[in-house]
Amino acid sequence: MEETEESNANKKCTPKRSFRGRTNPHDHQLLQYSNPFRFSNQNQYQSYPALLPLPPPIPLQLTATPPLPQNQSCRSKTHLHKPSWKQNNPPRATSSDTQVSVLTVLPASEDTQRRASSPLRGENGRKVMGATQALVAARRPDSGGVEGPVISLLANHFLVQFDSLQRIFHYDVEISPNPSKEVARMIKRKLVEENSVELSGALPAFDGRKNLYSPVEFQNDRLELFISLPIPTSKSLSPSGDLQEKHRQLKLFRINIKLVSKFDGKELNSYLSKEGDDWIPLPQDYLHALDIVLRESPTEKCLPVGRSLYSRSMGGTKDIGGGAVGLRGFFQSLRPTQQGLALNVDFSVTAFHESIGIIPYLQKRVEFLRDLSHRKTRGLTGEERKEVEKALKNIRVFVRHRATVQRYRVHSLTEETTENLWFEDRDGKILRLVNYFKDHYGYDIQFRNLPCLQISRSKPCYLPMELCMICEGQKFLGKLSDDQTARILKMGCQRPRERKAIIDGVMRGAVGPTSGSQEREFKLHVSREMTRLNGRVLQPPKLKLGEGGHVRDLIPSRHDRQWNLLDSHVFEGTCIERWALISFGGTPDQKSNIPRFIIQLSQRCEQLGILLNKNTIMSPQFEPIQLLNNVSLLESKLKKIHTAALNNLQLLICIMERKHKGYADLKRIAETSIGVLSQCCLYQNLGKSSSQFLANLALKINAKMGGCTVALYNSLPSQIPRLLRPDEPVIFMGADVTHPHPLDDFSPSIAAVVGSMNWPAANKYVSRMRSQTHRQEIIQDLGAMVGEILDDFYQQVSKLPKRIIFFRDGVSETQFYKVLQEELQAIRVACCRFPNYRPPITFAVVQKRHHTRLFRNESNHPSSTGNQLLEENIPPGTVVDAVITHPREFDFYLCSHWGVKGTSRPTHYHILWDENHFTSDEVQKLVYSLCYTFVRCTKPVSLVPPAYYAHLAAYRGRLYLERSEFTTFTSSTCALSRAAPPKTTPLPKLSENVKKLMFYC
C-alpha cells in the first residue's frame, strides 16, 4: 500500500493538488553489511535502487559443529558403483550423511567465495563453518569477454562526479504535529526561506520524512524552530462539483533538528576505484545522501511512486478505461559502476486511479454498473457487492459535503444499504443516515439502495458513495484488464530514437534530477550525455533440425535471427494418435470451420515432422461457453471424453469463443484430475488459419507431448570444451516465484523449479511447483524440489549431473545475498542426499525488471545511416560487460532477442556464485546459445530458457489456485489484514501422465 490512513485534519487532499505516494523503505538497490561479518556488499542493482536504512545484516550462519573426525564430511563411506538399483533410482545417502551436510559448509572454490573471520579446521585440514562465516559474491574472473565484433553503444547511465572531500551533514528532523509528506515538504521550503542564518545559508535536501542532508554545518547541532503554514479550513461545493476555498487559517508546526552524523566521499571513491579488500562494503551513507540530493528537485515538482516520478508536463494523462489513467514520468537511480558513480534514468509509465466521484468511477470500473446514473434505485446482489468492494478497497477518498481537508481510506462496504443505515451520534441519539445528511447538510441522498463506504476497521463510520471523490495521485494497484494493459503498454512503447530523446529531455528539462540547485550546492557534476561504451555482438549458433526435412541445419542469418521451418522438420517430432476436440461457444459459422481446421492442423503438423492423426477419437464436442462457469459439469464433461478414449487420451484441443476465467479450471482439471495434455486457442485465430498460426500451434503441441523444435548443431561441450564433456552430463535449472497481485493479501506465492533432462542437447525440462507463504521470495521447499529433479535426471541419463548451473529469476537486488545464502545451501542439502555427490554449482540471478537501456551510437556513422540505425534496436547477441556493470562482481547485460516494438530491454545476468570457474566469454556464449533452444518459437528469446520455463511453470501453478481462491478472497475482503497471512493452500498433485512433460509451455 502507498501509505497508512491519515486522519489528521492538516492532511491535505483536493482534486487540484496531487499528493505523494510513499517510497517503500525496502525498495533499495544496495545492501549494507557491517565489517564484523565480512559481507561483501557490491550490489550492482538494477531495478529497485534504494539507498535507505536497512535492518542489520544476517550472515550465513549454520549450526556450529565441532571439528569432524578424520575423513568425515558430507560424503558417505559408500562408493558409487555401476547402477544396479531397481527403477533406475540413484543411491541415497544415509540420514546421518544428510544431517552432517546441513551442519557443515564444504570447501570454497579456488577464488575463495567464502570468507571467515576465524575459520575452524578439521584434522584433514578442511575448513568447517565458523561462527561468523559469510558468503561473498563471485568476482569477475577477467577483464570481460572478447568474442564478437565490437558495436558502439550509448547507455542511459549518466556519470556523476563528486568531490570526495565534500562533507555531508546528516540531520534528523521531527515535525509536530505529524504532517503528511506533502505538508512536510512545504514546511521544509518555508524553513529554509525564513531561517537562513540558523541553517548557515544552506539549501539542504529532504527525504520528506525524517532525514535532512546539508553541505554545510548548521549553527547548532540542535535546533528548535517554529513554522506557520496556511492550511485551508473551509470549502464549499460549486455547481460543477469542484471544491472552492473560502479562507485559510495559519497552523503552527514545531520542528526539532538534531545532527546525526557527518561523512565525506573518500570511502566511496576508494570503493569505486577498486582499492582495498574485496569484502569491504559499499559506503551506504554517502551514496544514500547523494541519492536524496539528486531526487530533491524532481520530488518537489513531480509525483513520486517508488523510484519513479510522474508529471503531467511529460505528456499529460491518458484515459486507459476502467477508471484508470496513464501518466508518463521517469525512473532515476544512483548506481556504482565500473566507470564510477552513475545515474540511471529511464522513461516510465504507470496507471493511476482517475480522480473523479465514486459513482462515475464505478460506472467506468464495473461492467454491471455502466448505467448506474440512470438507475438510481438500483441495488447490488451479494456477488456484485463483493466485486464493488474489491474495486474500492484501500482507495483514498475525500468528501464534498462539508468543510474538511481530511482524507479517508476505504476499508469495506456496509452490509446494509444507505436507506437502512442508522447510527448513534455523540449524544447517544439513534439517527437515520439519510435524514442526518438532509437535516445537517441539506443534501438529499440519491443512491439509497447502494451500500455506504466503511472507512474504519474498528467502529462504524459511513460515507455515502455519491459524496466521495477519489484523491488524486493514487497508483492503480489492482490487476489491469487486457484492454488497460494494452493501452498502458502503448503509452510506454517508444522506438529507440524517441525513448532516447525523452530521457535526454529529462536530463536537460525543468523537472529532472539536474533541474535544481542541489548539484551546485553539493559540488556534484552530473553529465547530460549518455554513457558511450563498446559492446560486442555474439554470433548465432548453428542449429540442427529434423532429419526428414530438406533443410537439416542452418545458421540464423536474418537481422532478427529468426528462421522458418518451411522446408524443415522439427528436431524431434511426436506421434499423437488419440486426441479429441471440444468447443466452448462460437457462432454457427465458426463451428462449421472446425472440420477444415482439423485437416489443416494435421497437414501442417505433417509438414513439420509431427504426426497428428487426421481423425479424432470422437466427433468434435460443442458446448456453450457457460459450461466453463460450472466446475463440476466441466470436470464431468472432460472425464466423459477421456473415458471415450479408453482412458488413454493423449491430447485435448479446446477452442474458445473468447478468453474466459474458466481456462484456469480447465487446465487444473485436465492436468491434475484427468491426466491429459490440453491446448487452447480462440475462434478469432482459427478464422485466420494462417500457416504461421498453425505452425505455432503445432510447435506448442509438440513441446507439450515431449518433442523439441531445434537442437544446437555444435553441442555445448564442443563450444566450451575447457569445462564441458559429452560424457559428463550437466543440468541446467531455473527457478522463479510468482506472487499475487498487490491487493491480494491471502493467496500464497507459487515457487517453480525446472531442470533439463537430456545431455548434451539440454532442451527438454521437467518441473516442480509448490505453494508457499504469501509473498515469501525465498523458495521454502527448494531442497526437496531439486532432489526430485535430480532423481528424474538420473532416471533419464543414468548418471547424476557432473555440474549444476542454476538460473534464479524474480529476485530483487535487495534480496540477492539472502537468496544466495539460503537457496545455495538448499541445493547443497539436496545433493547430499546422494553418496559421494558434491557437484560444482554456478548460481546466477536473471533480471528483466531493470531500467538499463542500450542504444546504437549514431555519432559513429554518417548522418543518414546514423539516423536510420538509431531507429533500430540493438541486434540480437549484443553483450555488455564493462563500463556500466558492477565495479567488482561478475555480471553482464545480454540482449539475445530482436525488439519488434518499443526499445529492447537487455537481460541482466549476475553470477553470484561460480564453482565451475566460467570465463566471461564462456558463460555469455552458453547463455546465448541456450536462448536459441526455446521450444515454442523459431527465434532466440530474451530470457535464458530455464528461467523462462520456471516462470511459465509458476504461472501455471497460480492458475491451479486462481478460481478457488477468488471466492475466498472476495468473500473475506471486509476482514483483510496484512498482519497474518492464512495457512498456505497446497497445489493439487499433478497426474503422472503429465508430470514429466512440458505441459506448462
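Two strands pair if DSSP finds at least two bridges between them. I began with that criterion for the sheets of this predicted model.

**Entry 1: strand pairing**

I looked up strand β27, residues 543-544, and found that β27 and β28 are antiparallel partners over two bridges. Leu543 has Leu554, in β28, as its bridge partner. I then traced the sheet that holds these strands: an open, antiparallel sheet of three strands, ordered β28-β27-β35. Its edges are β28 (553-554) and β35 (711-712), each of which pairs on one side only.

I next took up an open sheet with the order β18-β17-β24, again of three strands with antiparallel pairing. Here β18 (408-409) and β24 (468-470) are the edge strands; each has a single partner strand, so one side of each lacks a neighbour in the sheet. Strand β17 (residues 396-399) runs antiparallel to β24 and is joined to it by three bridges. Within that pairing, Val399 is bridged to Cys468 of β24.

**Entry 2: cysteines**

I recorded zero disulfides for the structure. Cys468 is buried, at a relative accessible area of 1%. I also checked Cys605, which counts as buried at 1% relative accessibility.

**Entry 3: the chain as a whole**

I noted 23 helices and 44 strands in the chain. Of its 1001 residues, 57% are buried. The chain exposes about 40,500 Å², with 49% of that supplied by carbon and sulfur atoms. Among contacts with a separation of 6 or more, 74% are between residues 24 or more positions apart.

**Entry 4: nonpolar cores**

Which residues have the most contacts inside the largest nonpolar core? I found Phe597, Phe732, Tyr949 and Tyr1000, in a core of 88 residues. Leaving aside neighbours within four places in sequence, I listed the contacts of Phe732, including Leu716, Trp759, Tyr765, Phe807, Leu930 and Pro946. Another core lies apart from the largest one and has 39 residues, among them Ile731, Leu790, Tyr794 and Tyr837.

I also inspected Ser929, which lies in helix α21 (residues 920-930). Ser929 counts as buried, at 2% relative accessibility. Not counting residues up to four places away in sequence, Ser929 touches Pro541, Leu712, Leu716 and Gln719.

**Entry 5: aromatic pairs**

My search of the whole structure gave 19 aromatic pairs. One of them is stacked: Phe892 and Tyr909, at 5.3 Å centre to centre and 20° between the planes. Phe892 belongs to strand β43 (residues 890-895) and Tyr909 to strand β44 (residues 907-914), so this pair ties together parts 17 residues apart in sequence. Both Phe892 and Tyr909 are buried.

I then examined Phe934 and Tyr948, whose ring centres are 4.3 Å apart with planes at 25°, so the pair is stacked. Phe934 sits in the loop between α21 and α22 (945-971), and Tyr948 in helix α22, 14 residues apart. Are these two residues buried or partly exposed? Phe934 is buried, with a relative accessible area of 2%, whereas Tyr948 counts as partly exposed at 21% relative accessibility. Lastly, I found that ring pairs link Phe934 and Tyr948 into a cluster with Tyr765, Tyr949, Phe999 and Tyr1000.

Key: Residues numbered from 1 in each chain as written. Predicted model: local features only at pLDDT ≥ 70, side-chain atom pairs only at ≥ 80, totals over all residues. Heavy atoms only, no water. Helix = DSSP H or I, 4+ residues; strand = E, 2+ residues; numbered from the N terminus. Buried < 20%, exposed > 50% of the residue type's maximum accessible area, 1.4 Å probe, protein only. Contact = heavy atoms within 4.5 Å. Areas by Shrake-Rupley, 256 points an atom, 1.4 Å probe, with all protein chains shown as cover. Disulfide = S-S within 2.5 Å. Core = buried A, V, L, I, M, F, W, Y, C linked by side-chain atoms within 4.5 Å. Phe/Tyr/Trp six-rings, centres within 6.5 Å; stacked < 30°, edge-to-face > 60°.
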